[in-house]
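Here's a quick briefing on the structure below, sorted by topic.

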Amino acid sequence: MAMKINGFKEGQRISSRELLQSIYEGMEQGESSFEVVGSGHHDIGGPLWNPDGSPLRFYVKNPGQRVGSMGLQGTEIVVEGSTPADAGWLNAGATLVIKGDGGDTTGHCAAAGAIYVRGRVGARSGSLMKHDPDYEPPQLWVLKNTGSFPFEFMGGGIGVVCGYQCEGMDSVLGDRACVGMVGGVVYVRGPVQGLSDDVWLIDLDDGDRRFLSDNLPLFLSKVGRLEVLRKLSDLSRWHKIVAKSYEERKKRQRPSIHEFLERQWISGGIFGDVVADDYSFTAGLVNTGEQRLRIPHWLDRHYSAPCQASCPSAIPTQERIKLLREGKVKEALELVLRYSPFPGSVCGEVCPNLCMDACTRAFLDHPVFMKDLGKLSLETAPPQRLPATGKKIAVVGGGPGGLSAAWQLALKGHQVTVYEADQEVGGKLRQVIPEERLSRQVLEAEIRRIRELGIEIRTGVRVDDRAFAKIRGECDALVVASGAHNPVAIPFPGHQRVRAGIEFLKAINRGERPKVGNRVVVIGAGNAGMDVGLGAFAMGAAEVTAVDIRRPAAYPHEIAHFEKLGGRILWPFETAKVEGEGLHGKDGRLIGADEIFFAIGERPDLSFLPRAWLDARGMAEIDGCGQFLLAPGVFAVGDATAPGLLTHAIGGGREVAEQIDNLLNGRELVPIRKREMIPQSCLRKEYYRPLKRGHFKVDDVVQLETNRCLSCGVCRDCSMCLEACPEGAITREEKADGGFEYVSEDRHCIGCGICAGICPCGIWSMEAVV
């Protein structure tokens, strides 16, 4: 029987301190169940616990602020009626049931436990929720709706807003929901408007549907509303909100020159401390050995060339061209295949070629023609595999990242099996990219080469949680490379009318002819938006307009192609709503449209993995080596970890393969760090003669580019340093492996720096003696 505690004595309201003292005294007498009739008394229900671990139960009427505040595991608080502000504040494990409405900041800063609300909650409810991975995530369940600013700065946990009896509302989450959200997930049913730019509103995956189906009955039984279970179980009306990744957020702007000077340069003065000197030695005007002011170092391949440093696949084009210059064509073409199995499809066709953007030759005339160099390796046979190791590796996903990992692992002698849900491997290379951008003959040739390496590919295999567990048990290591195929949507009014651009492109690439109207609008002007626009033209659209809230992110040549076909791009354009006549902007503009597509990105479906393996945004939670934090031997690459380009996935596959090989051979796993890019100040571009633009005819890319490449950071063995050294201190030495090295002898070198000043490739570096 529960101990009764009244907030009034002899007709007078007692203080909160006196009421709580009554609870403490009851617990000392062995009581664990309390019926509390309050009158605005605060902090009822926590933080309390029984020394023997037995549960505590509170049945409360008329509580004040912070009911259930800092409640601990094993405590259950049931409130008959509504609560004022801060109910469940800093909840640390208690179960709080509110059989009415919750006030402002309900569940504020909750870190564990569950809060169930039969009605509505006020402003900023769910704000600053967080999740300690050692405990189950906190949960906040609301039957109806929230006030404005809910889940503000949420860092973890689960929020569920059922939107019951809220059909006439503009938004069941009030205004400006999820501002500053960086983790956790919010499930919402009903209309949503005014959502923060920090988050995505996306469809449920299988794991989300299981979570809601399993937990809705518990919630409704707690608040005494099981009769609405059938209505809420229509999961087609539910969505989830997740935080954008770091890469998806707006990048921080660089400080202005004034800010830099004010904060860093002027602060503390421009001079450092004076170096102590006892004047025991006076150096001559010209010195050798230890008395030199500077010491030269021959740093061949110490730095990465700009092309390699900017390539997410880390392809060393400067090494490739060096081999071509030496007449080692077979070795040069094979070198590329040791970094990517798609030199023709990706490097030669669809890659934006970040390497060309960074190429030093662009300072003279035109970057090295990387696309043409990539196509050279199209017909090259696979490199020789290492002897078989007997180790088995499974790869879930046959897109660029998965096939890259499989390719690299097979080259290392491992037995690799790829599981692909589609009927053909290739991922977005095959499913999404228009054929006019990527020839199917080129793609088929490179996939055929992958098969020739001995990789087993099983298509038509959709991996669910059971299949994943079985596959994991049959292999020595596993790679998750399932890509991102769940389209992201913006929850403005009428967004249900908008089609998913990725599904439209997939249909086209399957050989179908999806119908489109004469006037098509694409929301999103990135590369994916340009592809959707091209697809719309191909399907018969007469007018295609791409809109974006900021400057289009598509690469210039993609935009040029789209506009050449008659497409137009409007920015900045912020969508207000979609109605029958078309797309309405917040500035009052109307763009007439028969068909509207989303092309603003996709998220991965990782519902086949245990939820604990994923981070607060539903992405693979991995360490710096690509390995799941909670699953040794299981790695992830590509869009399962972060949005990126195809070449990011390829580079990630190569790095993960390296880590798996280390793991299987008992070597320590250490994050792979790229070498620092060579500074432009080290290179001597004046030695190279710019070509006139009319001379850029790529009839023979080998002949043209071997002469144009500056060989940044890689010695060309020109011997200019040896010939120019005034003291004759530099010698060239042959190495046992057939290579060479230039050496400066300390006893002759005077540290003049002529070697560094004359080297065209930036190999020599002068170290200042301090």
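Let's start at a loop: Pro-572 sits between S23 and S24. A cis peptide bond ties this proline to Trp-571, with omega at about -5 degrees. Keep in mind that this is a predicted model, so to speak a computed picture throughout.

- As a bit of background, most residues other than glycine have a negative phi, and most peptide bonds are trans.
- Besides the bond between Trp-571 and Pro-572, there's a cis peptide bond between Gly-46 and Pro-47, where omega is about 0 degrees.
- Pro-47 belongs to the loop that runs between strand S4 (33-41) and strand S5 (56-63).
- Cys-109 isn't a glycine, yet its phi is positive, near 65 degrees.
- You'll find Cys-109 in the loop between S7 and S8.

**The parallel sheet**

- S20, S27, S21, S22 and S23 make up an open sheet, in the order S20-S27-S21-S22-S23, and the pairing is parallel.
- Strand S20 (499-500) and strand S23 (568-570) each have a single partner strand, so one side of each has no neighbour in the sheet.
- Inside that order, strand S21 (residues 519-523) and strand S27 (residues 595-598) are paired in the parallel sense over four bridges.
- Which residue of S27 is the bridge partner of Val-520? That's Glu-595.
- Helix H17 (residues 556-564) lies across strand S22 (543-547) and S23, and its direction makes an angle of about 120 degrees with S23.

**The antiparallel sheet**

- Three strands form another open sheet, ordered S24-S25-S26, and here the pairing is antiparallel.
- The edges are strand S24 (575-579) and strand S26 (590-592); each has a single partner strand, so one side of each is left without a neighbour in the sheet.
- From one strand to the next, the twist averages 20 degrees.
- Strand S25 (residues 582-585) and S26 run antiparallel and are joined by three bridges.
- Leu-583 has Ile-591 in S26 as its bridge partner.

**Aromatic pairs**

- The count of aromatic pairs comes to 14.
- One of them is Phe-492 with Phe-598, a tilted pair at 5.7 Å centre to centre with 45 degrees between the planes.
- This pair links distant parts of the chain: Phe-492 is in the loop between strand S19 (486-489) and S20, while Phe-598 is in strand S27, and the two are 106 residues apart.

**A leucine in a loop**

- Leu-386 is part of the loop between helix H10 (370-376) and strand S15 (392-396).
- Setting aside neighbours within four places in sequence, Leu-386 touches Leu-411, Lys-412 and Gly-413.
- Leu-386 and Leu-409 are 23 residues apart along the chain, and their C-alpha atoms are separated by 9.9 Å.

**The second largest pocket**

- How much space lies in the second largest pocket? About 1200 Å³.
- Its lining takes in 46 residues, and those nearest the centre are His-131, Glu-136, Pro-137, Ile-158 and Arg-611.
- By class, that lining splits into 22 nonpolar, 13 polar and eleven charged residues.
- Elements that each supply at least two lining residues are strand S7 (92-98), strand S8 (112-117), strand S10 (155-161), strand S11 (183-189), helix H2 (206-223) and strand S13 (238-243).
- H2 gives the largest share of this pocket's lining, with four residues.

**Cavities**

- There are four cavities of 30 Å³ or more in the structure.
- The largest cavity has a volume of about 150 Å³.
- The largest cavity has 18 lining residues; Cys-311, Ile-315, Cys-347, Asn-353 and Cys-355 lie nearest its centre.
- At least two lining residues each come from helix H5 (306-310), helix H6 (317-325), helix H8 (343-350), helix H9 (354-358) and helix H18 (646-664).
- The lining of the largest cavity counts eleven nonpolar, six polar and one charged residues.

How values were computed:
Residues are numbered from 1 along each chain as its sequence is written. This is a predicted model: local features need pLDDT of at least 70, side-chain atom pairs count only at pLDDT 80 or more; totals for chains, interfaces and linings use all residues. Side-chain values use heavy atoms; hydrogens and water are left out. On a 1 Å grid over the protein atoms alone, a cavity is a set of points where a 1.4 Å probe fits but cannot get out, and a pocket is an open set with protein on both sides within 12 Å along at least five of seven lines; lining residues have an atom within 4 Å of a point. Grid points are joined across faces, edges and corners, and a volume is the space filled by probe spheres set on the points. Ala, Val, Leu, Ile, Met, Phe, Trp, Tyr, Cys and Pro count as nonpolar, Asp, Glu, Lys and Arg as charged, and the others, Gly among them, as polar. Two strands pair if DSSP finds at least two bridges between them. Contact means heavy atoms within 4.5 Å. Axes are lines fitted to C-alpha atoms, for helices over the stretch in contact, and angles run from 0 to 180 degrees between N-to-C directions. Rings of Phe, Tyr and Trp (its six-membered ring) pair if their centres lie within 6.5 Å; planes under 30 degrees apart count as stacked, over 60 as edge-to-face and the rest as tilted.
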